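Please read this briefing beside the sequence and the coordinates.

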Amino acid sequence: MNIRKFNTIQKSCGWLQTYRILSEKYGLDQTEKLFENASESYDKYKERFKQVRGIQKEHTLAAVAVSSLYMELVKLMNKEDAVELLSEAMKPASISKHNKIERLPAPVFMKVAGFITGKIFSEEAGFKRKWHCNNNHEKRYDLLTCPYVNVFSELGCPEVCPAVCVQDDISFGNMKNGVCFERKGTLGRGNECCDFCFRIT
């Protein structure tokens, strides 16, 4: 089977996995048409958010990729099934991330987590944060704003956000390096914040 080409962001957002799943279930012709429409929407929304710069741009384009594909999927299935499909399609990338980071010794992981928090999930990236604890043994904070939530809401599909939220649970949950990840809720699931807690046990 010839596989359509996808960029790095699209792959990380489950486009390749979804393409494979749909090709088996609906056939190549229907799948190609769906992805042609999704690609057109992706390009259109990229233009819509072209003013976004820096590290926030990567998050914005990822949200655009998920939205574009989701809005085509709901033409084939109900919203709940579309969200579940995207959750599963993004899961392999999250598992790969999990397998890499849990090999880090706990003290090293905490340093990396501090860097990621300060750079990739910074206010410059579109996340507003409230710290509760920030030391070498525990990093605990709430995210009060999220670019994924903002983009999904602006594009009219906030219900797809949990497909992205669950990837944190997969990436950071059940690590065997002595670091525990705890979470009670996320903005995308309707909670007041996305709470993060990494703690050395």
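Helix α3 (residues 28-48) and α4 have axes that come within 8 Å and cross at roughly 145°, where axes are lines fitted to C-alpha atoms, for helices over the stretch in contact, and angles run from 0 to 180 degrees between N-to-C directions. This is a predicted model, in which local features need pLDDT of at least 70 and side-chain atom pairs count only at pLDDT 80 or more, while totals for chains, interfaces and linings use all residues. Residues are numbered from 1 along each chain as its sequence is written, and side-chain values use heavy atoms, with hydrogens and water left out. Helices (H or I, at least four residues) and strands (E, at least two) are DSSP runs, numbered from the N terminus.

**The α3–α4 crossing**

- The crossing of α3 and α4 is right-handed, a term for a near helix turned clockwise from the far one by less than a right angle, anticlockwise being left-handed.
- On the α3 side the contact (heavy atoms within 4.5 Å) is made by L34, F35, N37, A38, S41, Y42, Y45 and K46, and on the α4 side by L61, V64, A65, S68, L69, M71, E72 and L73.
- By class, this contact of α3 with α4 has 11 nonpolar, 3 polar and 2 charged residues, with Ala, Val, Leu, Ile, Met, Phe, Trp, Tyr, Cys and Pro counted as nonpolar, Asp, Glu, Lys and Arg as charged, and the others, Gly among them, as polar.

- L73 has its place in helix α4 and counts as buried because its relative accessibility is 0%, buried meaning under 20% relative accessible area, exposed over 50% and partly exposed in between (1.4 Å probe, protein chains only).
- Not counting residues up to four places away in sequence, L73 touches T18, L22, L34, A82, L85 and L86; the C-alpha atoms of L73 and T18, which are 55 residues apart along the chain, are separated by 9.6 Å.
- V74 lies in the loop between α4 and α5 and counts as partly exposed, at 29% relative accessibility.
- Apart from neighbours within four places in sequence, V74 is in contact with K79 and A82.

**Helix α8**

- The buried residues of α8 are C161, A163, V164, C165, Q167, D168, S171 and F172, and they pack against α4, α5, α6, α7, β3 (179-182) and β4.

**Pocket and cavity**

- On a 1 Å grid over the protein atoms alone, a cavity is a set of points where a 1.4 Å probe fits but cannot get out, and a pocket is an open set with protein on both sides within 12 Å along at least five of seven lines, lining residues having an atom within 4 Å of a point.
- The largest pocket holds about 990 Å³ of space, and of the 33 residues that line it, the closest to its centre are H59, K97, F121, Y148 and D168.
- The lining of the largest pocket divides into 19 nonpolar, 9 polar and 5 charged residues.
- A search of the whole structure finds 1 cavity of 30 Å³ or more, and the largest cavity holds about 120 Å³ of space, a volume being the space filled by probe spheres set on grid points that are joined across faces, edges and corners.
- Among the residues that line the largest cavity are K97, F121, F172 and F198, and the largest share of its lining, 5 residues, comes from α6.
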